[in-house]
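Please keep the sequence and the model in view while reading.

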Amino acid sequence: MDNVAHTLENLHTETRSFRPHASFAAHANATSYEYKKAGVDRLQYWREAALRLAWREPFTEILDWSDAPVARWFHDGTLNACDNAVDRHVREGRGDRVAFHFVGEPGDTATLTYADMHERVQKAANGLLSLGVTTGDRVAIYLPQIPEAVVAMLACARIGAIHSVVFGGFSAESLRQRIDDAEAKLVITADGGNRRGAHLALKPLVDDALAGPEGQGPAASVEHVLVVRRTGQHTAWTEGRDVWWHDAVDPQPAAHEPVWVEAEHPLFILYTSGTTGTPKGLWHSTGGYLTGAAHTHRLVFDLKPETDVYWCTADVGWITGHSYIVYGPMINGATQVLYEGTPNTPHEGRWWEIVEQYKVTILYTAPTAIRTFMKWGEAIPQQYDLSSLRLLGSVGEPINPEAWMWYRRVIGGDRCPIVDTWWQTETGAIMISPLPGVTATKPGSAMTPMPGVCMDVVDDAGRPVANGEGGYLVATEPWPSMLRGIWGDRHRYVSTYWNHFDGMYFAGDGAKKDVDGDLWLLGRVDDVMNVSGHRLTTTEIEHSLVSHPWVAEAAVVGAADEVTGQAVVAFVIVRSDAHGVPTDGDEVAAALREHVRRQIGALAKPRTILVVSEVPKTRSGKIMRRLLRDVAENRPTGDVTTLADPTVMDAIRVGLDAGTGD
Ligand code: WTA
């Protein structure tokens, strides 16, 4: 509870509250009736939500919890995710509606209607079949944010293959780990992507991943690599294994009957950092997951598919992209913006230019982006016409009240409701959020659980805390889009999420109920860090650091950072017997940072690496990260009485003052 205690101290009492405008409420998809309905009969509420999907065979049972904590929702029904996201719209006369306004980083654009998507997913499904991929096989997708990423995911779903999207910022080694764990048969990638005006190669990373480091050898499961030509850069080619997308997919017939799967058929695996070193392959079902994604998307974003232009700025490589670019919005027939690039390429007004150009009405982004824009100054967004916006969303980390107020005023012109949405890769869909048009919002609070979702804040003994108190965030009942497990490891699923509090799902977050019972999220209470909304664990970065020949020991903490929320700060002890270690701490730090980038990916690179002579440990040998956080955040050191050697902290401070740090 280290983090919780610390944040609780700093949490001031918020008195501002913003009631929904009457004009918004008058047309909102959600009314307070949602809460009433769900309160009267929760399962019936979810049944109705599920019935909005297109089912091939209807389900008769809503929830089977007999094998708890593995839930089965709507299990005797059959459906297909791609049919729901694409075919259905064409079938029901919406084929001409734009699904995506694609904006490439270099300025190339494409408009794809639902009919265009229909043609593409059928060709891609036939392409996958021609490469020997069938129902139940796993497919790794390692692509930039381009339409083919969406098409690839949906084509997998169409044939009942299970996609495992790996964010393009992960290293070859991280990709390999994920390919091996899921035993992927196919990898879909591109020659490269565009990043800040340069071509970033992807295919060579796949080649490295598949070749494997010395001693490991080639990835056993992979038969083919399907490569999209995006940048046109030169690409090494393994004959027989590598296939161009334009050769394998484009000439295929645009006719393919979706494979109807049972509701519990796995739709995808998505890897996320766990508290131990290796990433967990969380997997989601088809029927329950789609119900959660589509239902929450319709209520929380108030989507009016005929008139709205919706833009979620997440990458499809994260759960936000899965649930709120691909599945939720497409099932609801949304028109979306899909943007490949970064916010400041070629200039710091890029996002606002896109909002103006496409008349975006709903924007969903992360607090770290908002804080970055605050830093760049409000004069930049003010140069653009943002009057089309009518709703703003936030996700990924707690949004501080200053950022919330800035978002509301500068981007939302004081007229747009803000939905601060709390959820996780595990939960599949939004769990805590205001309902626009219904909830009066407080800056910085995600407010209340969604209708049909049961969450609480409990103390160490699992008892609900009173209003005004803090504790651990838990879910007390199963929900349709909950993860079904960790791929291939039921034991780890149970022990990670269900063993902390009897019969409750433990989210890993601290939270506080304010005097009104509204929820304030306080960040992780475990060793998971949240850097720019990306999940990383202290242990995986520590493992990477100690694998470097210079490093004897490493301790990593997430330190508060104004822009990224948290930043990775590493304390390392250099081996006295290692050869060739530079005497300059900066040089050591630079080399280690590069080492972590190569091993895990750029997103895990420590912001700061401090070379120290000791790290603080308890008598039982556990690193006291709380004390290191004090150092990293420049605070006086807290209670040191449990340290094996209480003088260690003084030694670290003195060492750092003497300038051995980076
Ligand atoms: C954090 C991202 C506060 C939280 C969808 C959670 C948040 C982790 C919020 C999951 C929010 C996400 N307020 N904290 N609105 N949204 N988090 O799996 O710590 O990448 O446990 O899912 O992000 O991260 P994940």
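**The ligand and its surroundings**

The ligand is surrounded by 17 residues, of which the closest are Asp420, Thr421, Thr425, Asp509 and Arg535; a residue counts as near if one of its heavy atoms lies within 4 Å. This is a predicted model, in which local features need pLDDT of at least 70 and side-chain atom pairs count only at pLDDT 80 or more, while totals for chains, interfaces and linings use all residues. Residues are numbered from 1 along each chain as its sequence is written, and side-chain values use heavy atoms, with hydrogens and water left out.

By class, this shell holds six nonpolar, six polar and five charged residues. Here Ala, Val, Leu, Ile, Met, Phe, Trp, Tyr, Cys and Pro count as nonpolar, Asp, Glu, Lys and Arg as charged, and the others, Gly among them, as polar.

From Pro398, a backbone N or O atom lies 3.4 Å from a nitrogen atom of the ligand. On its own the ligand has 530 Å² of accessible area, and the protein covers 96% of this; such areas come from the Shrake-Rupley method with a 1.4 Å probe, and for residues only the protein chains shown count as cover. The elements that give two or more residues to the shell are α12 (319–331), β20 (418–421) and β25 (519–524). Helices (H or I, at least four residues) and strands (E, at least two) are DSSP runs, numbered from the N terminus.

**A helix with one buried face**

Helix α18 comprises the 15 residues 585–599. Its buried residues are Gly585, Val588, Ala589, Leu592, His595, Val596 and Gln599, where buried means under 20% relative accessible area, exposed over 50%, and partly exposed in between. Seen down the axis of α18, these residues fall within an arc of 125°, so they line one face of the helix; the arc is that of the directions from the helix axis to the C-beta atoms. An α-helix has 3.6 residues a turn, so residues three or four places apart point the same way.

**Loops with particular backbone geometry**

A cis peptide bond, with omega about 5°, joins Ala68 and Pro69, and Pro69 lies in the loop between β1 (63–64) and β2 (72–73).

Arg196 has a positive phi of about 50° although it is not a glycine. Arg196 is exposed, with a relative accessible area of 52%. Met447 also has a positive phi, near 75°, but Met447 is buried, with a relative accessible area of 3%.

Note on methods
Polar contact = N/O pair within 3.5 Å; in protein donor to acceptor, adjacent residues only side chain to side chain. Expected span 1.5 Å × (residues − 1). Buried < 20%, exposed > 50% of the residue type's maximum accessible area, 1.4 Å probe, protein only.
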